[in-house]
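Open your viewer and get your selection tool ready. We will take this one stop at a time, and at each stop you will hear what to select and what is there.

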Amino acid sequence: MLFPTVDFAVFFVIVFAIAWLLRPWHLWWRVFLVAASWFFYGFWEPKFVLLLIGSTAFNWAVGRDLAAMRTPEGLTRFGRWFLGFGIAANLLTLGWFKYYGFFVHDVAGLIERFGVDLPLPLLQVTLPVAISFFTFHAISYLVDIARGECEPLSPIDFALYLSFFPHLVAGPIVRVTEFAPQIRAPLRERVIDAAPAFTLIVAGLFKKVVISTYLAGEIADPVFASPASHSALENLFGVYAYAVQIFADFSGYTDIAIGCALLLGIQFPQNFDSPYRAWSLQDFWRRWHMTLSRWLRDYLYIPLGGNRGPKWFVYRNLFLTMLLGGLWHGAAWTFVAWGAIHGAGLVIEREVRARNRWLGGAAAKAAGWVITFHVVCFAWIFFRAETFGAAWQVITRIATAWGEPSPAVTPLLVAVIAGSIAAQFLPKDLFRRFEVAYSELAPAAQAAMLAVALVLIDALGPEGVAPFIYFQF
């Protein structure tokens, strides 16, 4: 069920109305939201609701037992084994659905070259939507209980945490310590701070329906479908367009998700903070998919050793974290390459800083921004391309096909790309000031502005809307 559709609009209006009517009856409010979230998830393929319910029951039971194995000094020895069992079960489930085909076709084939025969059956395994996201939520819940950072939730609270529909399909990745306090205390008021919610939803719809869809159809999809048919300039702007497209697409989803959750009385953490104004890769990852960055830091990088030990151990931890982060995005070597590029870039940055060769000043930051943006764009080539061959075609065309006609690079296209990047350098409080001004309008004026914005988005957008890019992860 895509956010920018009539189906979702009808679904959300019904859920919103019933949820707010049920707020005085806190238990029924939670039960209803769980049922609504399961319906939302099952709208695509009902049988996978059983997978979500199974994951919920399993992780709730493991979390309950882990809490009983905690001591003032930490987990018991058996508790540590039990935590490992819980994490392994989640990863095996994710691995079966997401990586079985990759393992059979690629990894097993590579191993067989060394004389090791792995006669594995070729199976067509359907990837359930959102499995990566609710698996990460479940793992963080188990680890936080083991660390003593949270207590086990009741079955209904945990079911709501794992399946709450605004963040279920593509995040943001919400910690249980951020979510649980908001659903434990009944909210009996009927006052909704609607201005931030509506502005976020409209902004998200504009980014997805207008910006992302326009750039995809106008140049990004044609270029990556057939790099050899396009000039160097068209390939270059195809890469720039995809960089803006994936930001508009994913941050647009996040804006809508945060806005919908706000209307239901739940506040999500911020997930994007103008990532294309970053002046280093480290800065970029503090701004891009921030909830995933923090998850990888707290549940992968730090357990690997983090910043402890010799610097080459630290660099290893950093590189492995990004490599596995790349593999999390998809079962393909191109995603591994994307993670490796970011991992290597972060290691190089650290080494440069360690040797005191990181210069300060505005000029250095400007140069850092140019380099960072183009490293990120270079990595996006592998993220978007279906194969290494296709990625290499894009790169070689950019390097060699200058002077050819470039009819796809229109003034409007350049303006949309440049404007989308320039918008990330606007003052951070500009959006907040607009929210305040909007909230001070009379309800009729607010409704009129909202209606005009939605009509404009519908007029500027295409006939149909493609699924969000991160649905595949």
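## Cysteines

Select Cys-260 to begin: its relative accessibility is 3%, which is under the 20% cut-off, so Cys-260 counts as buried. Keep in mind as you look around that this is a predicted model. Now select Cys-377, which also counts as buried because its relative accessibility is 3%. How many disulfides does a search of the whole structure find? The search finds zero.

## The nonpolar core

Next, select Tyr-276, Trp-288, Trp-380 and Tyr-470. In the largest nonpolar core, which has 148 residues, these four touch the most other members.

Leaving out residues up to four places away in sequence, Tyr-276 touches Ala-243, Val-244, Ile-246, Phe-247, Phe-284, Trp-288, Trp-369, Phe-373, Val-376, Trp-380, Gln-424 and Phe-425.

## Aromatic pairs

A search of the whole structure turns up 55 aromatic pairs. For one of them, select Phe-8 and Phe-11: their pair is tilted, with 6.0 Å centre to centre and 40° between the planes. Both sit in helix α1 (residues 6–21), and because they are three residues apart there, about one helical turn separates them. Phe-8 counts as buried at 5% relative accessibility, and Phe-11 counts as buried at 7%.

Phe-8 and Phe-40 form an edge-to-face pair, 6.2 Å centre to centre with 75° between the planes. Phe-8 belongs to helix α1 and Phe-40 to helix α2 (residues 26–42), so this pair ties together parts that are 32 residues apart in sequence. Phe-40 counts as buried too, at 3% relative accessibility.

## Charges over rings

Move on to Arg-23 and Trp-29. The charged end of Arg-23 sits over the ring of Trp-29, 3.8 Å from the ring centre. Then pick Lys-98 and Trp-328: here the charged end of Lys-98 sits over the Trp-328 ring, 5.2 Å from its centre.

## Helix α5

For the last stop, select helix α5 (residues 131–147) and check its length. At 1.5 Å a residue, its 17 residues should span 24 Å, and the end C-alpha atoms are 24 Å apart, which agrees. Is α5 mostly covered or mostly open? It is mostly covered, with 16 of its 17 residues buried. Step past the end of α5 to Gly-148, which follows the helix and has a positive phi, near 80°.

How values were computed
Residues numbered from 1 in each chain as written. Predicted model: local features only at pLDDT ≥ 70, side-chain atom pairs only at ≥ 80, totals over all residues. Heavy atoms only, no water. Disulfide = S-S within 2.5 Å. Buried < 20%, exposed > 50% of the residue type's maximum accessible area, 1.4 Å probe, protein only. Helix = DSSP H or I, 4+ residues; strand = E, 2+ residues; numbered from the N terminus. Expected span 1.5 Å × (residues − 1). Core = buried A, V, L, I, M, F, W, Y, C linked by side-chain atoms within 4.5 Å. Contact = heavy atoms within 4.5 Å. Phe/Tyr/Trp six-rings, centres within 6.5 Å; stacked < 30°, edge-to-face > 60°. Lys NZ or Arg CZ within 6 Å of the ring centre and 35° of its normal.
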